[in-house]
Amino acid sequence: VCREGEAFALAAGLHLGGKKPIVIMQCTGLFEAGDALRNVLHDMRLPLFFVVGVRSYYAHQQGTTADTCPVFTEPILRAWQIPYVLLDQHSTASDLANAYRQAQTEQRAGAVLIAE
């Protein structure tokens, strides 16, 4: 895809066709995909799952970057009422799998943020 908003549209089509797609992007892509994400998750009520890399997360925690990706990523997900889990350097692949399984079991959208 050319833009992350297109990824949500394609994932929606795959879901409607019986597949279980996962959208993977960086935090700036999440910002770009806002309208498509809102439409697919809230208007169409599709239980899509996505993974977002939060660029500069650790540098932001240490105060060594001016990158605003870590500043806005979590508040945006909270504003859009999207359940999410933040995975950091102590997390495992099982944590990611568990977040996915929980969203699937509850038939809801969900996200995992990967601290970078």
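Helices (H or I, at least four residues) and strands (E, at least two) are DSSP runs, numbered from the N terminus. With that naming, Gln-81 lies in the loop between α5 and β3 (84–87). What you have here is a predicted model, where local features need pLDDT of at least 70, side-chain atom pairs count only at pLDDT 80 or more, and totals for chains, interfaces and linings use all residues. Residues are numbered from 1 along each chain as its sequence is written, and side-chain values use heavy atoms, with hydrogens and water left out.

**Loop residues with positive phi**

- Gln-81 has a phi near 55°, a positive value in a residue other than glycine.
- Gln-81 counts as exposed, at 65% relative accessibility (buried is under 20% relative accessible area, exposed over 50%, partly exposed in between, with a 1.4 Å probe and protein chains only).
- Ser-56 sits in the loop between β2 (49–54) and α4 (57–62), and its phi is near 65°, again positive in a residue other than glycine.
- Ser-56 counts as buried because its relative accessibility is 19%.

**Around Thr-73**

- You'll find Thr-73 in helix α5 (residues 69–79), and at 1% relative accessibility it is buried.
- A polar atom of the Thr-73 side chain lies 2.7 Å from the backbone oxygen of Cys-69; a polar contact is a pair of N or O atoms within 3.5 Å, where within protein one must be able to donate a hydrogen and the other to accept it, and residues adjacent in sequence count only if both atoms are side-chain atoms.
- Leaving aside neighbours within four places in sequence, Thr-73 is in contact (heavy atoms within 4.5 Å) with Cys-27, Leu-30, Phe-31, Val-52, Val-54 and Leu-113.

**Cysteines**

- Cys-27 is buried at 0% relative accessible area, and Cys-69 is buried too, at 2%.
- The structure holds zero disulfides, a disulfide being a pair of cysteine sulfur atoms within 2.5 Å.

**Aromatic pairs**

- The count comes to three aromatic pairs, where rings of Phe, Tyr and Trp (its six-membered ring) pair if their centres lie within 6.5 Å, and planes under 30 degrees apart count as stacked, over 60 as edge-to-face and the rest as tilted.
- One of them is Phe-49 with Tyr-100: the ring centres are 5.2 Å apart and the planes stand at 85°, so this pair is edge-to-face.
- That pair links distant parts of the chain, with Phe-49 in strand β2 and Tyr-100 in helix α6 (residues 93–105), 51 residues apart.
- Phe-49 is buried, with a relative accessible area of 2%.
- Tyr-57 and Tyr-58 also pair edge-to-face, at 5.5 Å centre to centre and 90° between the planes.
- Tyr-57 is buried at 15% relative accessibility, while Tyr-58 is partly exposed at 24%.

**Salt bridges**

- There are five salt bridges in the structure, each a side-chain nitrogen of Lys or Arg within 4 Å of a carboxyl oxygen of Asp or Glu.
- Arg-3 and Glu-32 form one of these (3.5 Å, N to O).
- Arg-3 lies in the segment before α1 (4–16) and Glu-32 in helix α2 (residues 27–32), so they tie together parts 29 residues apart in sequence.
- Asp-67 and Arg-55 meet in another, at 2.6 Å, N to O.
- Asp-67 is in the loop between α4 and α5 and Arg-55 in the loop between β2 and α4, so parts 12 residues apart in sequence are tied together.
- Arg-38 bridges to Asp-35, with the closest N and O atoms 2.6 Å apart, and a network of salt bridges links Asp-35, Arg-38 and Asp-43.
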